[in-house]
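Visitor: I am new to reading protein structures, and I would like to go through this one slowly with you. Could we look at it together, one question at a time?

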Amino acid sequence: MKLSRTLLAGSAALVAVVASALMVPGLATPAAAASLAEVTNFGDNPGGMRMHIYVPDVRPAQPAIVVAMHGCGGSGPGFYSGSEFASLANQYGFIVIYPSATQQAGFGNCFDTWSDAAKRRGGGSDPVSIVSMVSYAQQRYGGDRNRVYATGSSSGGMMTNQMLALYPDVFRAGAAFMGVPFNCFANAADYPPGSSRCTGGSMDRTPQQWGDAVRQAYPGYTGARPPVQLWHGTNDTLVPYSLLQESIEQWTNVFGLSQSPTSTDTPRSGWNRRRFATASGDVRVEAYSIAGAGHSLPSSGMAAAAVAFFGLSGTSPTPPPATTPPATTPPATTAPPAGACAASYRQVSSWTGGFQGEVTVRAGQAAVNGWQVGLGFTGGTSITQVWSGTLSGSGSSYTVRNVSWNATIPAGGSTVFGFLGAGTAAAPTLSCTSP
């Protein structure tokens with residue numbers, strides 16, 4: 001294979017890398033400073049992509065592989081320079097592949113997550129090219145086939161979800177920053193902001209529909225599915241924050257998990273985390289809402305959190321409790337009467353100047369066909385965004401009505417909608433009516 005290398009400048013950089021490498025237990029002493037290298041002729045490349053690879057000098061005999069993908073307009077070398085994955089590779093001894101997208105779709109250098117070819121396992125385009133890069137790293141450097149991971153920002157975050165759906169037998173886990181659910185884009189014309197239904201702010205499908213999209217990408221697959229970590233800024237308007245919830249719905253459905261998290265916490269200020277785990281405490285979906293952040297992830301420390309989620313730093317995620325956190329306002333203790341509905345509120349997370357809430361709508365002794373919930377706030381609190389419902393109102397008084405897919409609730413059943421609030425994180429007064 002033909003390689004072209006860009007050497008790290010300066011003896012100080014060399015000393016720093018070597019010193020860091022020597023601190024890794026059980027790894028051999030390096031012979032030279034690692035650098036980013038471009039690989040040509042890495043295998044089947046229907047996407048016409050470029051491949052760069054970072055191989056730390058100190059690594060185990062079978063190193064893990066992380067595929068790290070840039071956003072639109074970016075490049076592999078740019079993501080290498082602008083993210084923390086290479087420094088973490090030095091610390092923990094894993095290989096990083098940095099693909100460079102070359103397709104346009106109205107922007108430039110975007111990963112293909114819109115074409116029919118890119119939505120089918122083995123269909124062609126960028127996903128096949130990326131799998132070829134992984135195979136190259138496994139053959140050339142002895143990469144561990146059981147420890148391959150995907151991560152990326154924006155377009156790269158979208159491709160992360162794509163690769164987990166198409167190649168669950170290749171990737172062990174993924175971390176998507178500012179991505180969208182798999183099969184969100186209808187075609188190339190649906191990709192650019194301003195004309196995209198996917199990122200236009202109104203994308204709303206059922207968990208079953210999202211989950212079916214993943215299952216149809218690799219028909220007949222019955223093996224293990226890779227767990228996923230999802231990141232999104234609450235002030236992201238380019239790829240709307242509401243798409244985080246759609247991604248949660250997709251992957252929790254794929255894993256057969258409840259839409260309600262098994263635990264919530266704030267590992268860092270402004271990092272509001274929800275975990276969705278199995279009955280045995282195995283975290284399969286982990287979602288971070290980053291308070292006040294726009295389209296700017298990952299920021300400092302987030303790559304390390306992704307690497308920890310992958311299990312590459314020796315600190316696996318702590319299993320969450322098996323119980324759902326208590327609701328801020330207890331749900332009704334008695335079922336609503338026949339033909340009526342009741343609503344209860346739960347605060348999901350909060351930060352300075354804002355919060356995220358969730359409302360459960362329950363049917364009584366008979367099915368409900370259409371519902372609306374009134375929410376009243378005090379102290380200047382307001383709603384800024386809603387998903388799984390249609391919002392009207394202003395000031396301190398709002399109404400959320402059902403959307404088409406959750407209008408009907410069976411007797412004794414329930415549905416959930418979520419919202420973002422600005423101001424004090426106070427529980428609203430609730431009223432529920434059904435036509």
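Visitor: Which residue stands opposite S392 in β18?

Guide: Please keep in mind that this is a predicted model. The strands to look at are β17 (390-394) and β18 (residues 397-401), which pair in the antiparallel sense over five bridges. Within β18, the residue opposite S392 is T399.

Visitor: Which strands stand at the edges of the open sheet?

Guide: The sheet is an open one of four strands with antiparallel pairing, in the order β17-β18-β15-β21. Each edge strand has a single partner strand, so one side of it is left without a neighbour in the sheet. The strands that stand in this position are β17 (390-394) and β21 (429-433).

Visitor: By what angle are neighbouring strands of the sheet β17-β18-β15-β21 turned against each other on average?

Guide: The order of the strands is β17-β18-β15-β21, so that is the order in which to follow the neighbours.

Visitor: What is the bridge partner of L36 in β3?

Guide: Strand β2 (residues 36-40) is mostly covered, with four of its five residues buried. This strand pairs with β3 (residues 50-54) in the antiparallel sense, and the pairing runs over four bridges. In β3, the residue bridged to L36 is Y54.

Visitor: How many residues apart in sequence are the parts that C72 and C110 tie together?

Guide: C72 and C110 are joined by a disulfide, S to S 2.0 Å, and the link is right-handed, with 130° about the S-S bond. C72 lies in the loop between β4 (65-69) and α2 (76-82), whereas C110 lies in the loop between β5 (95-100) and α4 (125-141). The pair therefore ties together parts whose separation in sequence is 38 residues.

Visitor: Is C110 buried or exposed?

Guide: Its disulfide partner, C72, has a relative accessible area of 29% and is partly exposed. A residue counts as buried when its relative accessible area is under 20%. The relative accessibility of C110 is 0%, so C110 is buried.

Visitor: Is the disulfide of C184 and C198 right-handed or left-handed?

Guide: The sulfur atoms of C184 and C198 are 2.0 Å apart, and both C184 and C198 are buried. The torsion about their S-S bond is about 110°, so this disulfide is right-handed.

Visitor: In which strand does C432 lie?

Guide: C432 forms a disulfide with C341, and the sulfur atoms are 2.0 Å apart; with -110° about the S-S bond, this link is left-handed. Both C341 and C432 are buried. C341 lies in strand β12 (residues 341-351), so the pair ties together parts that are 91 residues apart in sequence, and the strand that holds C432 is β21.

Visitor: What is the pairing of the bonded cysteines, numbered in sequence order?

Guide: The structure holds three disulfides. When the bonded cysteines are numbered in sequence order, the pairing is 1-2, 3-4, 5-6.

Visitor: What share of the residues in the protein is buried?

Guide: The protein contains eight helices and 21 strands. It exposes about 17100 Å², of which carbon and sulfur atoms supply 51%. Of the 435 residues in the protein, the buried share is 55%.

Conventions
Residues numbered from 1 in each chain as written. Predicted model: local features only at pLDDT ≥ 70, side-chain atom pairs only at ≥ 80, totals over all residues. Heavy atoms only, no water. Buried < 20%, exposed > 50% of the residue type's maximum accessible area, 1.4 Å probe, protein only. Helix = DSSP H or I, 4+ residues; strand = E, 2+ residues; numbered from the N terminus. Pairing = 2+ DSSP bridges. Disulfide = S-S within 2.5 Å. Areas by Shrake-Rupley, 256 points an atom, 1.4 Å probe, with all protein chains shown as cover.
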